[in-house]
Amino acid sequence: SIRRISEDHDKVFATGCMNIDNSGPRANAAFVVLARNKELDGVIQSIKSIERHFNRWWNYPYVFLNDGDFDQDFKDTILNHTSGEVEFGKIDSSMWGFPDWVDHEVAKEGIRKQGDAAIMYGGMESYHHMCRFYSGFFYKHPLLLKYEWYWRLEPEIKYFCDITYDPFIKMAEANKTYGFTIAVKELRETVPNIFRYASAYKRTHSLKSQGLWEMFLDTPKEEDREKKEPEQEKLPEEFDMKPPEVDTEAMEGEKYNMCHFWSNFEIARLDFFRSKEYEDFFEMMDRSGGFWMERWGDAPIHSLAAGALLAPRDIHYFRDFGYRHTTIQHCPANAPARQLPRIPWLEKTTEDEKKRFEEDDYWATADPVKENGVGCRCK
Ligand code: GDP
Ligand code: MN
């Protein structure tokens, strides 16, 4: 469980209010933002938030990626709001869309059926391509090859707390591979067969759990312990289009509990994804057709890969980050009151800046909040 990860293997990187010391070296890292021109407003909201709460002190670069072309207005507006270097990249057909080896008509029919079944985003072809891109390609994009670390940003997210240390550097120092703020349960109907493939990967590569895999397992209720048979979902016939050369039936009685790290926030080492092991994992998942015949998200893909390949000590839970994406948020312990003037690094801020903080979501306390890092209040 996440509790175990955090308590046994993982400590918060900083507690209490800190003076920002941004004099140290930067990590070889960038923000990665996948977006479309029409999402500009939402992207700007996210950029404003991360700049105000973190990047105005650290100036990390950004890489914007799109399967289409960013227009001039998008680029100009982004450049007006970012403090670090910015690169804009296009994703070509080798990383986006149906590959040659899949029958496009079969895949499209699979997607259409998911639309009819009202599976969330199931009927939206572009969403399937997006999930596959984030599962198996983003880290190979030419603009990302020079980087060792990335921090994923999405449109319409919000950070509530100042991030007063460099999370890349802290992760490197603590020898961490993958960081998250929120873990939630996936909608079962979007991934009915994902676990049998992930489980088959783990078994065919003779991978022993290092203690993280269990986070993704259903713990059977006492009364169900007797029935050893795992509840198997029927493979949809569409999977026949390219069956993997492995026996996906035997799952050693394990069942996926649908838990996953919510990947719209991620800070991770890119070499995890670039490893032979992850590549093999993605290849096997991809060949199953599950990115089209089901609506596998990149979040459960990243999570199950981590479960198969990493240990709890490799994972960092950023429980001190106040973070919101659409309707789900993570909020560190709420501060008792707004105490803006007492925050050391804000004492030099202008009246205008203070006013902006007042109007927006800035709540903080000068008192260390037990275990949760910089105090923060989330609306
Ligand atoms: P949700 O968070 O699961 O509701 O999905 P989003 O609509 O936010 O998509 C996830 C990320 O992928 C966001 O950064 C989107 O901007 C991006 N995205 C989704 N679909 C596309 C697409 O077709 N093209 C591009 N360029 N970006 C996309
Ligand atoms: Mn989103």
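Visitor: Which residues does Glu 266 touch, not counting residues up to four places away in sequence?
Guide: In this predicted model, Glu 266 is placed in strand β9, which covers residues 266–269. Contact here requires C-beta atoms within 7 Å. With residues up to four places away in sequence left out, the residues that Glu 266 touches are Arg 152 and Phe 180.

Visitor: Where is the kink in α2 centred?
Guide: Helix α2 runs over residues 40–58, and whereas a straight helix of 19 residues would span 27 Å, α2 spans only 23 Å between its end C-alpha atoms. The helix also has a kink of about 65°. That kink is centred on Glu 51.

Visitor: Which elements do the buried residues of α2 pack against?
Guide: The buried residues of α2 include Val 43, Ile 47, Ile 50, Phe 54 and Trp 58. Residues three or four places apart in an α-helix point the same way, because there are 3.6 residues a turn. The buried residues of α2 pack against β1, α3, β4 and β5.

Visitor: Which helix gives the largest share of the shell around ligand 1?
Guide: The residues around ligand 1 include Arg 36, Asp 67, Tyr 127 and Asn 264, and the shell divides into 5 nonpolar, 3 polar and 4 charged residues. The largest share, 3 residues, comes from helix α5.

Technical notes: Residues are numbered from 1 along each chain as its sequence is written. Chains are lettered from A and ligands numbered from 1 in the order in which they are written. This is a predicted model: local features need pLDDT of at least 70, side-chain atom pairs count only at pLDDT 80 or more; totals for chains, interfaces and linings use all residues. Helices (H or I, at least four residues) and strands (E, at least two) are DSSP runs, numbered from the N terminus. The expected span of a helix is 1.5 Å times one less than its number of residues. The bend at a residue is the angle between axes fitted to the seven residues ending there and the seven starting there. A residue is buried if 20 or more other C-beta atoms lie within 10 Å of its own, exposed if 12 or fewer, and partly exposed in between; C-beta atoms are placed from the backbone. Two residues are in contact if their C-beta atoms, placed from the backbone, lie within 7 Å. A residue is near a molecule or strand if its C-beta atom, placed from the backbone, lies within 6 Å of it. Ala, Val, Leu, Ile, Met, Phe, Trp, Tyr, Cys and Pro count as nonpolar, Asp, Glu, Lys and Arg as charged, and the others, Gly among them, as polar.
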